[in-house]
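Please look over the sequence and the model shown here before reading the report that follows.

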Amino acid sequence: MHNSSRRGFMGKAFGAVAGVGAVGSLVAMKKSWDPLPSVKAAGFTTLDMTAYKENELVVEKWRGKPIFVLKQTAEMVKKASANPKDNVRLIKVGDAHFMVCIGLCTHLGCIPGYNPDEESFLCACHGGMYDFTAEVTKAPPPRGLDIPPFKVDGTKLVLGEEGPEYKKMKETGVTL
Amino acid sequence: MAHFTKATSVKDWLNQRLAVEKVEKVMMSEYWIPKNINFLWAMGMVLVITFAMLLVSGIFLLMYYQPNVNLAFDSVNYTIMREVDFGWLWRHVHGVAASVVFLIIYIHMFTGIYYGSYKKGREMIWISGMLLFVAFSAEAFSGYMLPWGQMSYWAGMVITNLFSGGSLHADGLVEWIRGDYVPAQAFLNRFFMLHVLLIPLAIMGLIGLHFGALRIPHVNNQDGEEVDFDAEAKKYLDGDKAGSKVMRFANDFMSKDMMVVGIYLVFFFYLVFFHYDFAMDPVNFDPADGLKTPEHIYPEWYFLWSYEILRPFSTNVGLIAFAFAQVIFVLLPFLDRSPNTVPASRRGIFKYWFWAMLIDMIILTAMGKVPPIEPFGTIGFYAALTFIGLWIALPFITASEKKV
């Protein structure tokens with residue numbers, strides 16, 4: 001009896017020590033898998049918005065991800081203003097309107113292709129489609145292409161910084 | 001302390017220290033296998049041999065492979081393929097074996113389903129087998145990342161994105177798995193570690209468990225007959241070898257096993273030498289490019305059926321259907337409510353269930369390969385619904401099965 005209670009105590013004491021160690025090592029293991037600071041500090045990308053041509057898709061790069069920039073034609077702007085879902089997605093820089101978004105399908109992350117004649121995007125992986133403002137028009141993607149954090153700075157656009165236009169989009173649920 | 005005497009032979013010396021004779025009996029000469037079996041019972045040994053070939057070829061590839069995003073592609077396609085003498089052999093053996101091992105796993109699985117080898121005490125054999133299937137799938141996926149071609153990169157992108165859980169938007173989890181916003185150096189390095197160390201360790205442990213799970217219920221036979229292994233073994237050892245229903249694992253059963261393995265190896269090396277291209281996707285001979293998706297992304301053939309269950313639905317429904325397909329096979333011993341352990345051909349409706357499931361999975365596999373256009377999208381959609389429907393129907397049709 002004396003012995004067994006002493007063993008019981010030793011068992012519990014070991015269990016406590018091992019438990020603390022196990023939790024501690026799990027924390028260390030989790031943190032070791034985190035993205036490195038150098039990866040996180042992937043900085044900002046500044047785009048000169050005067051250089052783009054209408055209805056010509058340009059793919060930029062921000063944090064290793066492709067960024068779609070599509071300068072809208074006057075006709076597109078007109079079409080978009082008739083559709084509130086499209087209209088809120090456009091970014092105005094100076095007098096021009098732009099569609100700027102992360103070029104990864106919101107379904108599973110493939111890069112959709114742009115067809116300038118039909119003014120639409122098609123994702124070849126699972127057949128999802130988007131219109132010229134990158135709003136989704138055919139499932140499986142659950143939503144339009146995501147818009148990266150941006151700030152309008154004169155005729156320049158800074159990606160990675162949250163300007164008032166971006167904050168408004170986020171609040172109203174235009175993008176995630 | 002144990003008493004040791006002067007050894008009369010090397011064998012006796014080892015016997016006193018390691019009980020080699022006893023080990024040989026337990027593992028081989030007195031490990032009893034029923035006689036009433038066919039060549040499908042050799043698939044376990046075929047898998048062991050294939051795993052051994054993967055291990056050996058992998059060791060040689062490991063000596064020249066560079067887990068670095070700038071060097072990986074060339075270390076495989078230039079160093080191993082062109083510079084290393086016989087480097088092509090290790091790569092093609094590794095690639096072909098990785099593909100063929102799944103063919104054998106599926107045959108092994110469907111043999112088990114057909115003969116009811118997951119019932120009456122054999123549940124742990126089935127469960128450990130399905131865990132092995134999961135581990136092999138993870139091993140195949142992580143290995144597919146390593147050449148760092150276009151398919152490696154984009155398969156890595158798509159599969160890790162599954163962990164965002166659709167509408168849950170667990171992007172933090174996806175970035176944690178990758179160690180970056182997109183698959184990059186951290187991603188390649190950790191999948192390299194998983195492929196060459198952690199998952200192979202898990203596989204070896206699970207193989208031990210799978211074999212261990214066989215010891216008590218023993219191997220099933222063609223009629224699902226409950227054999228009294230102790231009585232039959234005694235009959236065999238007493239000299240009535242012909243009358244006994246069992247035989248020794250080695251050398252009796254092994255000799256037949258290795259005969260099948262021999263035929264398999266001829267077929268295997270025919271593929272390695274003349275048709276290795278079926279295991280080498282041409283798209284993966286373009287280096288990874290994060291700014292260009294290949295026109296059509298599809299997994300290797302052995303993942304196509306579950307990929308097709310994901311594809312025809314919207315994101316959330318697709319993810320749920322996919323998760324269902326991944327786990328449902330594990331539950332087979334509990335979803336089959338019938339007391340019968342006999343071949344499917346003698347089980348009434350279950351016979352049709354078995355063939356319907358097999359054909360449906362072949363259709364799903366075919367539809368997963370073609371681009372997502374009509375009529376393939378619709379066929380895939382109904383095949384996916386059939387898959388789910390068959391599993392929902394299983395407990396009901398087996399519960400009403402008559403005892404044979």
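## Contact between the chains

In this predicted model, 27 residues of chain B are in contact with 24 residues of chain A. On the side of chain B that touches chain A, helix 7 (150–161), helix 8 (171–178) and helix 13 (315–328) of chain B each supply at least two residues, and helix 7 of chain B provides the largest share, which comes to four residues.

Sorted by class, the residues on the side of chain B that touches chain A are 12 nonpolar, 10 polar and five charged.

## The largest nonpolar core

The largest nonpolar core has 110 residues, and those with the most contacts inside it are A:Val100, A:Cys110 and B:Leu364. Helix 6 (residues 123–145) of chain B gives the most to this core, with a contribution of 10 residues.

For A:Val100, one of the residues with the most contacts inside the core, the surroundings can be given in detail. When its neighbours within four places in sequence are left aside, A:Val100 is in contact with A:Ile67, A:Val69, A:Ile91, A:Ile147, A:Phe150 and A:Leu157.

## Chain A

Chain A contains five helices and 11 strands. Its radius of gyration is 25 Å, well over the 16 Å that the globule rule gives for 176 residues, and chain A is therefore more spread out than a compact globule. Taken along the principal axes, the box filled by the C-alpha atoms of chain A is roughly 90 × 35 × 25 Å.

Of the 176 residues in chain A, 31% are buried. Among the contacts in chain A with a separation of 6 or more, 48% are between residues 24 or more positions apart.

## Chain B

The secondary structure of chain B consists of 16 helices and two strands. With a radius of gyration of 24 Å, close to the 22 Å that the globule rule gives for 404 residues, chain B is as compact as a globular protein of that length. The C-alpha trace of chain B spans about 70 × 60 × 45 Å along its principal axes.

Buried residues account for 35% of the 404 residues of chain B. Where contacts in chain B join residues at least 6 apart in sequence, 75% of them are between residues at least 24 apart.

## Domains of chain B

The domain assignment divides chain B into domain 1 (31–297) and domain 2 (311–404), and the C-alpha centres of these two domains of chain B lie 23 Å apart. Across the boundary, 20 residues of domain 1 of chain B are in contact with 16 residues of domain 2 of chain B.

Helix 5 (87–115) and helix 6 of chain B each supply at least two residues of the side of domain 1 of chain B that touches domain 2 of chain B. By class, that side of domain 1 of chain B has nine nonpolar, seven polar and four charged residues.

## A residue in helix 9

B:Gln185 is found in helix 9 (residues 185–215) of chain B.

The C-alpha atoms of B:Gln185 and B:Pro67 are separated by 8.3 Å, although the two residues are 118 residues apart along the chain.

Key. Residues numbered from 1 in each chain as written. Chains lettered and ligands numbered in written order. Predicted model: local features only at pLDDT ≥ 70, side-chain atom pairs only at ≥ 80, totals over all residues. Contact = placed C-beta atoms within 7 Å. Nonpolar A, V, L, I, M, F, W, Y, C, P; charged D, E, K, R; others polar. Core = buried A, V, L, I, M, F, W, Y, C linked by C-beta atoms within 7 Å. Buried ≥ 20, exposed ≤ 12 C-beta atoms within 10 Å, placed from the backbone. Domains from an automatic or database assignment. Rg over C-alpha atoms; globule rule 2.2 N^0.38 Å.
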